[in-house]
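Subject: Handing over a predicted structure

Dear colleague,

I am passing this structure on to you, and below it you will find an account of what was found. Please read the two together.

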Amino acid sequence: MNYLSRANFLGFRLLFHSRASKKTRSHIIGAILGIGASLIPLIVVIQVSGGMIEGISRRFLEIGSYHVQLRSFTELEEEELNYAAETLKNHPRVKHVFPVIFGEGLLYSEAGKTGVSIRSLPADIYEEDEGLRRYLDIEEGAFRLDEANQAMLSRELADRLGVSIGDRVRLLTARPVPGRAPILRPSIFNVQGIFSTGYYELDSLSMYIPVDTGRVLFHESGGVVLGVKVERPFENIETLAAELRDSLPPFWQIYSWFNLERPMLESFYTTRNLLVFVMFLIVAVAAVNISSSMIMLVIEKEPEIAMLKSMGTSPRLIVLSFLHTGLFIGLAATIMGLALGLLAAVNINELIGALETAINMVYALVSRIIAPTAGGAEELSIFDQSYYLEEIPIRIRFVEIFYTALSSLSLSALAAYIPARKAGRIRPYEILRKH
Amino acid sequence: MRTNNDNLVEIVNLGKIYKNGSEELHILRGVDLKIARGSSILISGESGSGKSTLLNLIGGLDRPSYGSVKVGDFMVDHGSEEEMTAYRNQQVGFIFQFHYLMKDFSALENTMLPAFMGGEAKEKALKRAAELLERVELGDREDFYPSQLSGGERQRVAVARALINEPDIVLADEPTGNLDEKHSEIVAELLFDLSKFFETTLVVVSHDLSLAKRADRHLRLNEGVLKG
Ligand SMILES: Nc1ncnc2c1ncn2[C@@H]1O[C@H](COP(=O)(O)OP(=O)(O)OP(=O)(O)O)[C@@H](O)[C@H]1O
Ligand SMILES: [Mg+2]
């Protein structure tokens, strides 16, 4: 303890109280600013990517894969479905069970046509399932699927087909016939509402129709699924899925969201880790500045170090003192970097917005100068919403902040080690001889 | 660590050769010296004769080329790095020719550093340092930094610092080197009186022959050997 307090005393003094030359001092301040600045992108990447991954996973969980999915590859009678649904509801963690029938088709409007992927959902799902309600934004109209020819379209789909509430669309579906060409079947739907999830992959070409209509259209293609929503979906979902399967007859296959979305999540995390690694390298490069500025400090403090050694200060204590100096520098940089990084991360949506506005203004100006006759400039958007969330949900992750701070401090200590060792090796006699 | 022997320092056939490129500088050529415990000695000699070199060898800041230096029971020429550190801290007090004080530390802190670095609690070391500063008549300059002190004041702080660990031996290299006559007197008086008071052996290296009257012995370093 005494040892550390001595190192602390020396380290602190040699840095802060120091009549170090302007040059050395500005070098040290430069090192602090450099590391602080390099921490900003690291923190932004960690916080923002965490927010995006969480935001995207939650949307997929509530709207895409649901928490747990049950599929049967044998054709099921109505009673078997109901029996399974009732059995599942007995589990204390199960909140909601509903049938979903998946299908595909071609959707026509007066303005055009496009392929669609269809989910047939029960009419009351929007009221019953709070998770779905939370992430499914009804932009126009209302969620209504209680009559056979009602349909909900995603914003993307509605825009592509140029339809809005009350319009009629024509859906062409195919019915497979063994050994022959499939039979095509047209049906008409009334657009009741237009929704958006905020995430492109979930939205694009997505259409909801009543479950009974789906049963008629897709009965033979056999895509009946039971969607399950549970309490605390992020907790032990695999165990829960296994419990649910064991309570049902063996022809049910069960998949947890984790199972269904694993490839997507893995690719997110790979990308994120890669980014974090690159940003971390930037911090490491910035930390080299600690080494160089501290070498200057050590050279400048040679007489002091020599004097300390001559009065019987151990080389180890001197090394430790300079490691402390490095830690002080690192601490200042870390506090600065964390503060600015968090500020940037918390306001990332506004920052991106401001940046886009600025770029678009410049772009518009430039295009007016270059080509004054051309039409209005196209709007540029940094985060193409086809790939990202419209708005990044930000929640401060303290554990990750802690590790960021820890690694930046360790890097600083590591960078300080070289000059510290140099200080420890100074031979007092040679220094004290000089004027 | 008293021994039966009356001599604190025993130097036998001490030699120091510096290699300057291909050139060899034979500075000390077999110095023999015994210094009685508690006595004071002045070593004079021309510039470049090797006075500082000799002092550094006694203080364990440098290693001899041949010969031996024994201080108390400690063979200075044979010590490990760790032993040398402890020796310099506990048994030696230095007053240097050029770099007197640490400029980032106040007079009080400068004085307490050897005690604090030696492992004494900070409060206690500061308290003793304050007492010593009183003794060198700098009680009112405790919080001054070296840049705010005069040359004589700095040297008095250096004297206090050299004595704080109550060392067996104080090695002073030109303690009055850059001072005017009046302040030389003040510093010299303090140095010799305090050494007496603490029963510390004192080795002073200086051109200043007026110090001779205060020292028990006066030796001259000439052509690498000591003469009476
Ligand atoms: N590390 C070294 N390398 C080479 N030569 C050295 C070294 N240290 C001292 N010398 C030489 O040894 C000689 C004696 O030096 P020293 O400092 O002991 O003299 P000094 O008697 O203290 O002189 P002054 O009175 O000027 O302080 C000088 O010529 C010096 O140049
Ligand atoms: Mg000298």
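To begin with one residue, B:Asp104 is buried, since its relative accessible area is 0%, where buried means under 20% relative accessible area, exposed means over 50%, and partly exposed lies in between (1.4 Å probe, protein chains only). Before going further, please note that this is a predicted model, in which local features need pLDDT of at least 70 and side-chain atom pairs count only at pLDDT 80 or more, while totals for chains, interfaces and linings use all residues. Residues are numbered from 1 along each chain as its sequence is written, chains are lettered from A and ligands numbered from 1 in the order in which they are written, and side-chain values use heavy atoms, with hydrogens and water left out.

B:Asp104 forms a salt bridge with A:Lys301, with the closest N and O atoms 2.7 Å apart; a salt bridge here is a side-chain nitrogen of Lys or Arg within 4 Å of a carboxyl oxygen of Asp or Glu. The pair joins two chains, because B:Asp104 lies in the loop between β6 (92-95) and α3 of chain B, whereas A:Lys301 lies in the loop between α10 (257-300) and α11 (302-310) of chain A; these helices (H or I, at least four residues) and strands (E, at least two) are DSSP runs, numbered from the N terminus. A:Lys301 is buried as well, with a relative accessible area of 1%.

Turning to the interface as a whole, 33 residues of chain B are in contact with 31 residues of chain A, contact meaning heavy atoms within 4.5 Å. The two chains bury about 2900 Å² between them, 61% of it on carbon and sulfur atoms, where buried area is the accessible area (1.4 Å probe) that two parts lose on being put together, summed over both. Two salt bridges are found across this interface of chain B and chain A. On the side of chain B that touches chain A, the elements giving two or more residues are α1 (51-59), α2 (81-90) and α3 (107-117) of chain B, and the largest share, six residues, comes from α3(B).

Ligand 1 has 15 residues around it, of which B:Ser47, B:Gly48, B:Lys51, B:Ser52 and B:Thr53 come nearest; a residue counts as near if one of its heavy atoms lies within 4 Å. The site is shared between chains, because residues from chains A and B surround ligand 1. An N or O atom in the side chain of B:Thr53 is 2.5 Å from an oxygen atom of ligand 1, while a backbone N or O atom of B:Gly50 lies 3.0 Å from an oxygen atom of the ligand.

Over all chains, a search of the whole structure finds 22 salt bridges. Among them is the one in which the side chains of B:Asp62 and B:Lys16 meet (3.4 Å, N to O). That pair ties together parts 46 residues apart in sequence, because B:Asp62 lies in the loop between α1 and β4 (66-71) of chain B and B:Lys16 in strand β1 (residues 7-20) of chain B. Both B:Asp62 and B:Lys16 are buried. In chain A, a network of salt bridges links A:Glu139, A:Glu140, A:Arg155 and A:Asp159.

Finally, A:Leu205, in the loop between α7 and β8 of chain A, has a phi near 60°, a positive value in a residue other than glycine.

With best wishes

How values were computed. Polar contact = N/O pair within 3.5 Å; in protein donor to acceptor, adjacent residues only side chain to side chain.
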